[in-house]
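The sequence and coordinates come next.

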Amino acid sequence: MKILTASLVAFLLVAICSPSEAHLDGVPSTCCFTYRQQPIPRSLIASVYITSSSCSQPGVVLVTKKKKELCVDPQAAWVQAHLKHFQTMKN
């Protein structure tokens with residue numbers, strides 16, 4: 001019985017630690033699996049970033065002033081306009 005309990009504890013420790021290990025090995029922390037379709041007003045957006053090329057599909061994440069992250073389609077014209085605006089602000 002003690003061996004079973006010890007094995008279960010070891011398994012749980014490995015399961016708990018695995019996600020942080022994967023993140024440290026360069027697995028992207030944010031990927032987009034669905035896109036928000038309706039345009040977001042630029043006045044609500046604090047920043048933008050493009051998801052990692054390791055993700056299964058491309059995405060742009062809009063971070064609102066309230067710190068909410070919204071995935072949007074990088075091919076949408078309104079998203080391209082937001083990207084251009086924020087890129088201009090960086091330079």
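## Phe86 in helix H2

Phe86 counts as buried, at 11% relative accessibility. Buried means under 20% relative accessible area, exposed means over 50%, and partly exposed lies in between (1.4 Å probe, protein chains only). The place of Phe86 is helix H2. Helices (H or I, at least four residues) and strands (E, at least two) are DSSP runs, numbered from the N terminus.

Which residues does Phe86 touch, not counting those up to four places away in sequence? They are Arg42, Ile45, Ala46, Ser47 and Val48. Contact means heavy atoms within 4.5 Å. The C-alpha atoms of Phe86 and Tyr49 are separated by 9.5 Å, and these residues are 37 apart along the chain.

## Basis of the model

This is a predicted model: local features need pLDDT of at least 70, side-chain atom pairs count only at pLDDT 80 or more, and totals for chains, interfaces and linings use all residues. Residues are numbered from 1 along each chain as its sequence is written, and side-chain values use heavy atoms, with hydrogens and water left out.

## Overall fold

The chain has two helices and three strands. Along the sequence the pattern is α-β-β-β-α. Of the 91 residues, 24% count as buried. Take the contacts between residues at least 6 apart in sequence: 41% of them join residues at least 24 apart.

The accessible surface of the chain comes to about 6,900 Å². Carbon and sulfur atoms account for 64% of that surface. Accessible areas come from the Shrake-Rupley method with a 1.4 Å probe; for residues, only the protein chains shown count as cover.

## Nonpolar core

The largest nonpolar core has twelve residues: Ile40, Ile45, Val48, Val60, Leu62, Leu70, Val72, Ala76, Trp78, Val79, Leu83 and Phe86. Such a core is a set of buried Ala, Val, Leu, Ile, Met, Phe, Trp, Tyr and Cys residues joined through side-chain atoms within 4.5 Å. Strand S1 (45-50), strand S2 (60-64), strand S3 (69-72) and helix H2 (77-90) each give two or more residues to this core. H2 gives the most, with four residues.

Val60 is one of the core residues. Leaving aside neighbours within four places in sequence, Val60 is in contact with Cys32, Tyr49, Ile50, Leu70, Cys71, Val72, Pro74, Val79 and Leu83.

H2 has 14 residues. From first C-alpha to last, H2 reaches 20 Å, close to the 20 Å expected at 1.5 Å a residue. The expected span is 1.5 Å times one less than the number of residues.

The buried residues of H2 are Trp78, Val79, His82, Leu83 and Phe86. Seen down the axis, they fall within an arc of 140 degrees, so they line one face of the helix. The arc is that of the directions from the helix axis to the C-beta atoms. Cover for these buried residues includes S1, S2 and S3. The face turned away from the buried side carries the exposed residues Ala77, Lys84 and Thr88.

His82 lies in helix H2. Is His82 buried or exposed? His82 counts as buried, at 7% relative accessibility. Not counting residues up to four places away in sequence, His82 touches Ile40, Pro41, Arg42, Ile45 and Leu62. A polar contact of 3.5 Å joins the side chains of His82 and Arg42. A polar contact is a pair of N or O atoms within 3.5 Å; within protein, one must be able to donate a hydrogen and the other to accept it, and residues adjacent in sequence count only if both atoms are side-chain atoms.

Lys67 sits in the loop between S2 and S3. Lys67 is exposed, with a relative accessible area of 67%. Phi of Lys67 is near 70 degrees, a positive value in a residue other than glycine.
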